[in-house]
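Student: Could you go through this model with me, residue by residue where that helps?

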Amino acid sequence: MANQDLLLVFDETVTRAGVDGWIRHLESAGAPTQMYRLGTSFVLPVSDVDAIQEAGSDLPAPTRQVPRGSDAWLGRRELRPTGTAVSLGPTTIGDGSVAVLAGPCAVETPEQMMATAAVVAKHGAVGLRGGVFKPRTSPHSFQGLQWDGLDLLVEARERTGLPFVTEVIEPEHVKRLAEVVDGFQIGARNMQNFALLTAVGQSGLPVVLKRGFGCTVEETLAAGEYLLLEGNDQVVLCERGIRTFEPSARFTLDLTAVALWKQRTHLPVMVDPSHSGGRPELVEPLSLAAIGAGADALLIDVHVEPQQALCDGNQALSPEQFAGLMGRLAPAAAGLGRHMGGGTSVRECSPT
Ligand code: PEP
Ligand code: MN
């Protein structure tokens, strides 16, 4: 049989020596392979299924044998049927709970960032968002505070104990950002920036990978595969709306993608109802629908003064709207057998 039809998965109970034994056996059987890491597991693609049967009894049994299927095979659900839990500082995404990450689209001023962080922490967010490098459609729009804004995110983390994600737009920025951020965001416009994906994958830090608004479900999985290939399994896929013929909302939230990703990949799935709907009044219905479709997390724009925002103020929730939303999401999640959370509750998290 040809074309690497099977994946042998060895969990952490199997030693590296055992896996090396398999690699030597497959090579001598004329089916050379390469080893990949998925967290603490080892994965060997095998092109010749007969070579597996010919293995001696001294070799450890694989934990699982999985058909390779699509190109994005390191992300296939079958490799890790229980799903991947992503650790963003003290917060866990993908543990069955619904994690809300919230904050301004862009970090603007100390007052705006600290006040917004305090509000979202008070009402149950388990992570902060805030862009300091903003990829804007127009070069005349506010481009973010850049490196200066990073200090404000760090201060907001110190004050609230909440970890933060922020967007990275340049591979050259990854190392410096990695010294302070809890997690990266790769924006829709950069989902297929393969050099950026590889650099972020190498950082080993958690990544929120936003779906390009012109990219398919499978293309998004393939983009995630670039991160996984670097040995980084801390990847959250984020549906943030796609461009369709429908002009009534900023983008069309594709809930089918959420359901499909939950079935096809072990990676947790996030939904951004703010950028997809583009209006505050759509955030709640889209959030409820996202939880119903199986989303593990929500990414929500909140601003203490939405009318004054330098970026995407017309979609940000006010503090009152965010408080109301969080109050109504909890019973809805409970009705679906879920709970709001994101793993451990908020605790002091020391700045790195
Ligand atoms: C954002 O979350 O701030 C953002 C720019 O989103 P997207 O990349 O999905 O447009
Ligand atoms: Mn935005």
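Student: Where does Gln-146 lie?
Tutor: Gln-146 lies in the loop between strand E8, residues 127–129, and helix H4, where helices (H or I, at least four residues) and strands (E, at least two) are DSSP runs numbered from the N terminus. Before we go on, note that this is a predicted model, in which local features need pLDDT of at least 70, side-chain atom pairs count only at pLDDT 80 or more, and totals for chains, interfaces and linings use all residues. Residues are numbered from 1 along each chain as its sequence is written, chains are lettered from A and ligands numbered from 1 in the order in which they are written, and side-chain values use heavy atoms, with hydrogens and water left out.

Student: What is the phi of Gln-146?
Tutor: Gln-146 has a positive phi of about 60 degrees, although it is not a glycine. As background, most residues other than glycine have a negative phi.

Student: And why is Gln-146 called partly exposed?
Tutor: Because its relative accessible area is 34%, and the scheme used here calls a residue buried under 20% relative accessible area, exposed over 50% and partly exposed in between, with a 1.4 Å probe and protein chains only.

Student: OK, what about Asp-312, buried or exposed?
Tutor: Asp-312 is buried, with a relative accessible area of 15%, and its place is the loop between E14 and H11. Asp-312 also has a positive phi, near 55 degrees, in a residue other than glycine.

Student: Where is Gln-307, then?
Tutor: Gln-307 lies in the loop between strand E14 (297–301) and helix H11 (319–335), and at 68% relative accessibility Gln-307 counts as exposed. The C-alpha atoms of Gln-307 and Ser-318 are separated by 9.4 Å, with the two residues 11 apart along the chain.

Student: Changing topic: which residues are around ligand 1?
Tutor: They are Cys-105, Arg-129, Lys-134, Glu-167, Gln-185, Gly-187, Ala-188, Arg-189, Lys-210, Arg-240 and His-275, where a residue is near a molecule if one of its heavy atoms lies within 4 Å of it.

Student: What does the side chain of Arg-129 have 2.7 Å from an N or O atom?
Tutor: An oxygen atom of ligand 1 is at that distance from an N or O atom in the Arg-129 side chain. Arg-240 likewise has a polar side-chain atom 2.6 Å from an oxygen atom of ligand 1, while in Ala-188 a backbone N or O atom lies 2.8 Å from a ligand 1 oxygen. Of the 290 Å² of accessible area that ligand 1 has on its own, the protein covers 96%, with areas computed by the Shrake-Rupley method and a 1.4 Å probe; for residues, only the protein chains shown count as cover.

Student: Back to the protein: what does the side chain of Ser-97 contact?
Tutor: The side chain of Ser-97 makes a polar contact with the side chain of Asp-95, at 2.6 Å; such a contact is a pair of N or O atoms within 3.5 Å, and within protein one must be able to donate a hydrogen and the other to accept it, while residues adjacent in sequence count only if both atoms are side-chain atoms. Ser-97 is in the loop between strand E6 (91–93) and strand E7 (99–103), and Ser-97 is buried, with a relative accessible area of 1%.

Student: Which strand does Thr-91 lie in?
Tutor: Thr-91 lies in strand E6 and counts as buried, at 3% relative accessibility. A polar atom of the Thr-91 side chain lies 2.6 Å from the backbone oxygen of Val-126.

Student: How many residues apart in sequence are Thr-91 and Gly-342?
Tutor: Thr-91 and Gly-342 are 251 residues apart in sequence, yet 5.3 Å apart in space, C-alpha to C-alpha. For Gly-161 and Arg-64, which are 97 residues apart along the chain, the C-alpha separation is 39 Å.

Student: Where is Gly-161 found?
Tutor: Gly-161 is found in the loop between helix H4 (147–160) and strand E9 (164–167), and Gly-161 counts as buried at 1% relative accessibility.

Student: Last one: is Lys-175 buried or exposed?
Tutor: Lys-175 is exposed, with a relative accessible area of 70%, and its place is in helix H5, residues 174–178. Lys-175 and Gln-202 are 9.5 Å apart in space, C-alpha to C-alpha, and 27 residues apart in sequence.
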